[in-house]
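Me: I'm new to reading protein models. Could we go through this one together, a question at a time?

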Amino acid sequence: MISDNLHIAISSDSNYAKLVSILLVSLFENNKWANCITVHLLSNNIDEESIKQIERHIPCGQGFLNVYDISDINSRLKVRVPPTISISSYSRLFLSSLLSSDIDKVIYMDVDAIVSGSLEKLWNTDMKDYQIAGVLDDVSLYAKKAIGLSLNTAYVNAGFLVLNIKQWREDDIEAKILDYLIAHNGNVFHHDQGLINAVCIRKMILPVNYNMVTNFFVFPYHSFKQQPFYSEEEMKEGEKHPIFIHFTAGVANRPWMENCRHPLKDIFLKYKARSLYKNVPLEKDFRPMRLKLLASLYYHCKPLYYFSLKLRSLMESKT
């Protein structure tokens, strides 16, 4: 059914509240077709003042902000998980129980991103019995093996997903995810992304421009080894017409920090300048020294960089 009432889900803690606001500026500017955009913010202890700032970035009469307190995320998971990523990321796993029962579908997006195109066509795509829709991620073969997937099974990046909430409820996906997490003692490779890929078997694969991660802009096509994957022509089209630019961590760094070399960093800065954070200076480059070294190797000595990646992949496969 065609609908112009768009539902967007975002999760964050106080550390990334500023990015939520900048993301919303880009979302509303590029989706004026929507009669109403309801933003479902999964808040892990975001302070009241930051919530007010986020709400001020929703144009009057064009949308609403619904806030869900997920500060109890540790108890929801029922098992301890590694502290190597923000635990707020796991909150997307509970959207089928958090959202109102009359919501059948939602687009989840990470906050380290910009919406640079219309979501109308995607929103009105029939999900049928697919559980999720996402963009293929370029991951190591070990990432699939570690969660029990065959090497030729589709593996998607969880930073931008259409969740068929109706199907999740019918298939009891939330309970299956928790069962999988507990069965693996909280240690799942790639955390919540690994969980989603392991449990959600029926995946609709989206065009790559719906989640253009940093590596897709930085690395040459021949470096992407996952199967199935996109053709070189599809990747070039994604670079020319990105709809969701996902500023993932990596050698290029992120545009809200100093020393960013992402080719589309100015698009982020454009929307930052239209936000209430326009005069906030860029953050210092706090990347770990290991990542800074890898970045330096990539931009100044690519053969040594690729050798280090092969060595890391070999070490992963033996763990």
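**Working through the model**

Me: Leaving aside its neighbours within four places in sequence, which residues is Lys105 in contact with?

Reply: Some ground rules come before the list: this is a predicted model, so local features need pLDDT of at least 70 and side-chain atom pairs pLDDT 80 or more, while totals for chains, interfaces and linings use all residues. Residues are numbered from 1 along each chain as its sequence is written, and side-chain values use heavy atoms, leaving out hydrogens and water. Contact means heavy atoms within 4.5 Å. With that cut-off, the partners of Lys105 are His7, Trp123, Asn124, Thr125, Met127, Val162, Leu163 and Ile165.

Me: Lys105 is buried yet has no salt bridge, so how far away is the nearest side chain of opposite charge?

Reply: Buried means under 20% relative accessible area, exposed over 50%, and partly exposed in between (1.4 Å probe, protein chains only). A salt bridge needs a side-chain nitrogen of Lys or Arg within 4 Å of a carboxyl oxygen of Asp or Glu. Lys and Arg count as positive, Asp and Glu as negative, and His and the chain ends are not counted. For Lys105, the nearest side chain of opposite charge is Asp126, at 7.1 Å.

Me: Which residue's backbone oxygen does the side chain of Lys105 reach?

Reply: Lys105 sits in strand E4, residues 105-109; helices (H or I, at least four residues) and strands (E, at least two) are DSSP runs, numbered from the N terminus. At 2.4 Å, the Lys105 side chain reaches the backbone oxygen of Trp123.

Me: Which peptide bond is cis?

Reply: Here's the background: most residues other than glycine have a negative phi, and most peptide bonds are trans. Look in the loop between helix H10 (214-218) and helix H11 (232-240), where Pro228 is placed. The cis bond, with omega near 0 degrees, runs from Gln227 to Pro228.

Me: Is Asn185 buried or exposed?

Reply: Find Asn185 in the loop between helix H8 (173-183) and helix H9 (191-199). Asn185 has a positive phi of about 55 degrees although it is not a glycine. Its relative accessibility is 56%, so Asn185 counts as exposed.

Me: What is the relative accessible area of His190?

Reply: His190 is found in the loop between H8 and H9, and its phi is positive too, near 65 degrees. His190 is partly exposed because its relative accessible area is 30%.

Me: How many disulfides does the structure hold?

Reply: A disulfide is a pair of cysteine sulfur atoms within 2.5 Å. Cys200 is buried at 0% relative accessible area, and Cys260 is buried at 8%. The number of disulfides is zero.

Me: How many residues apart in sequence are the parts that Lys18 and Glu283 tie together?

Reply: Lys18 and Glu283 meet in a salt bridge, 3.4 Å from N to O. Lys18 lies in helix H1 (residues 17-29) and Glu283 in the loop between helix H12 (265-273) and helix H13 (289-300), so the parts tied together are separated in sequence by 265 residues.

Me: Which residues do salt bridges that share partners join into one network with Arg92?

Reply: Arg92 forms a salt bridge with Asp192, with the closest N and O atoms 2.7 Å apart. Arg92 is in the loop between helix H3 (73-77) and helix H4 (95-98) and Asp192 is in helix H9, so this pair ties together parts 100 residues apart in sequence. Both Arg92 and Asp192 are buried. The residues joined to Arg92 in one network are Asp110 and Asp192.

Notes
A polar contact is a pair of N or O atoms within 3.5 Å; within protein, one must be able to donate a hydrogen and the other to accept it, and residues adjacent in sequence count only if both atoms are side-chain atoms.
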